[in-house]
Amino acid sequence: MLLLYNIFIRLYFLGIRLASLWNKKAAQWIKGRENLFDDVSSKVAKADKIIWVHCSSAGEFEQGKPVIEALKARYSTHKIVVSFFSPSGYAVATNYAVADVITYLPLDTKKNARAFINLIKPELAIFVKYEFWYHHLATASFHHIPVLLISATFRKEQVFFKGYGTFFRQILFLFRHIFVQDKASLDLLKENAVAQASISGDTRFDRVKKIADNFAEIKFIKDFAGDKKLVVAGSTWADDEQLLAEYAQKNPDIKFIIAPHEINAANLANVSHRFPNVYRYSWLEKEEQFFPLPNTDGPKWMAVPEQQAEHLNQQIAQVQVLIIDSVGLLSRLYQYATITYVGGGFTKDGIHNTLEAAVWGKPVIFGPNYKKYREAKELIAAGGGFSVPNADELKKLADELFSNEQYLQAVGDKAKKYIQDNTGATQKILQEIQAKRLLTN
């Protein structure tokens, strides 16, 4: 199996290199690793004490942040090295001041793993939720470097628990300790003799609570929303937007903020043409202001010189739909919502982060593909979340929430309580690190 694994890794690399000829993300994956070792070498010294945290992509990075920040506060003399497999994760982390080094993870070959770990020499390694790269884990284990897996979830259908999954199941034994999100995951590990595990919960609860506790206003949003009811929809895809657009067209008095998952020019144009009377967030801070032109067959907006524009707050108050074409705002935008919608529930990968919305005490709505997400199922069970399969069901639910203030408040309170009841995973992980003396200050 190890031979087959090594062959797969090399074939995967060749596939990525081939795809990089036309695929931008694949090209970033290749380019980001070209000078990886030289770049890391310039940022670490032999005397440095290193904590290494690995995240697959942006979602896992959000889960890792509470632990990274807690470790930096407790072990301030250590340097934090954060590695990523995906370009999208690397891109959102480049300005993250808590980490001392941001890097891609080298391709998982024996040679690369030895070179990387010999270079950074971590005292502790933490993998977030996913990512089971055999050579990096085996090399760390060989050097007696404790490796933790945090916020993990396991399901019976995963390869670890198949009859042919012995090789992958053995990888789990390379972790010094596995912190899982729920009892079902813990029981599954115990059934397969993986004893070095415990329930900590999901660190994303700690992350979203910290964001809410440190809320900062977003310019212009109150001017846009006014006293109207507001739907904030985050990480949306085409199917999500189609449902929301139908509802927006039939309810011109309700405001919408749409934050698409993809904010490239082509997708933003598509999103803009789905909705009536739109405006883009990036225009708000440009010198040249834009007036919407609703109900026309041509462009839905036109530019006018600044000196001819009305006051900005009067201008955007006329707009029904604000499209967010900037990154880093979504987790705070939900605060302004009457109800929230989380996208991805009509894609094969499933819904995005529902916790970012629930923490503000707002009802959370999403599509039907949520079964793989424990927090979505629990949010529904708690009474703070809903799944809708089509536009008719969305209209029925939204109308009920908007028309019944008492019901709206009760649902929001349940969503917020669900978050409050599930915080504390970061502290449990830190306590284990301290109790086992996995790091020294």
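Predicted model: local features only at pLDDT ≥ 70, side-chain atom pairs only at ≥ 80, totals over all residues.

Colleague: How many of the 6 residues of strand S2 (residues 79–84) are buried?
Modeller: 5 of the 6, so S2 is largely enclosed by the rest of the structure. Buried means under 20% relative accessible area, exposed means over 50%, and partly exposed is in between, with a 1.4 Å probe and protein chains only. The helix and strand labels are DSSP runs numbered from the N terminus: H or I over at least four residues for helices, E over at least two for strands.

Colleague: OK, back to S2. How many bridges join strand S1 (residues 50–55) to S2?
Modeller: There are 6 bridges, and S1 and S2 run parallel. Trp52 sits opposite Val81 of S2. For a pair to count, DSSP has to find at least two bridges between the strands.

Colleague: And what is the order of the strands in that sheet?
Modeller: S3-S2-S1-S4-S5-S6-S7, an open sheet of 7 strands with parallel pairing. S3 and strand S7 (197–199) are the edge strands, each pairing on one side only. From one strand to the next, the twist averages 20°.

Colleague: What packs on the sheet, touching S1 and S2?
Modeller: That's H4, which also touches strand S4 (122–128) and strand S5 (147–152), and its direction makes about 170° with that of S2. Touching here is contact, meaning heavy atoms within 4.5 Å. Angles run from 0 to 180 degrees between N-to-C directions, and axes are lines fitted to C-alpha atoms, for helices over the stretch in contact. Helix H9 (residues 183–191) lies across S5, S6 and S7, at about 165° to S7.

Colleague: Switching to charges. How many salt bridges does the structure hold?
Modeller: 19, counting a side-chain nitrogen of Lys or Arg within 4 Å of a carboxyl oxygen of Asp or Glu. One of them joins Glu62 and Arg207, with the closest N and O atoms 3.0 Å apart. Glu62 is in helix H4 (residues 58–74) and Arg207 in helix H10 (residues 203–213), so the pair ties together parts that are 145 residues apart in sequence.

Colleague: Is Arg207 buried or exposed?
Modeller: Buried, because its relative accessibility is 15%. Arg207 is also linked with Glu62, Lys65, Glu69 and Lys210 in a network of salt bridges.

Colleague: Which residue does Lys72 form a salt bridge with?
Modeller: Asp100, where the closest N and O atoms are 2.8 Å apart. Lys72 is in helix H4, while Asp100 is 28 residues away in the loop between helix H5 (87–93) and strand S3 (101–104). Asp100 is partly exposed, with a relative accessible area of 34%. Then there's Arg204 with Asp202, at 2.9 Å from N to O, and both of those are buried.

Colleague: Now the other sheet. What is its strand order?
Modeller: S10-S13-S9-S8-S14-S15-S16, an open sheet of 7 strands with parallel pairing. Strand S10 (278–280) and S16 are at the edges with a single partner strand each, so one side of each is left without a neighbour in the sheet. The twist averages 20° from one strand to the next. Helix H12 (residues 238–250) packs on this sheet against strand S8 (230–236), strand S9 (255–260) and strand S14 (339–342), its direction making about 165° with that of S9.

Colleague: Last one: at what angle do helix H18 (residues 391–403) and helix H19 (residues 405–420) pack?
Modeller: About 105°, with their axes 5 Å apart. H18 and H19 are therefore roughly perpendicular to each other; under 35 degrees would be roughly parallel, over 145 roughly antiparallel, 65 to 115 is roughly perpendicular, and the rest is oblique. Glu400, Leu401 and Ser403 of H18 make the contact with Glu405, Tyr407, Leu408 and Val411 of H19.

Terms used:
Residues numbered from 1 in each chain as written. Heavy atoms only, no water.
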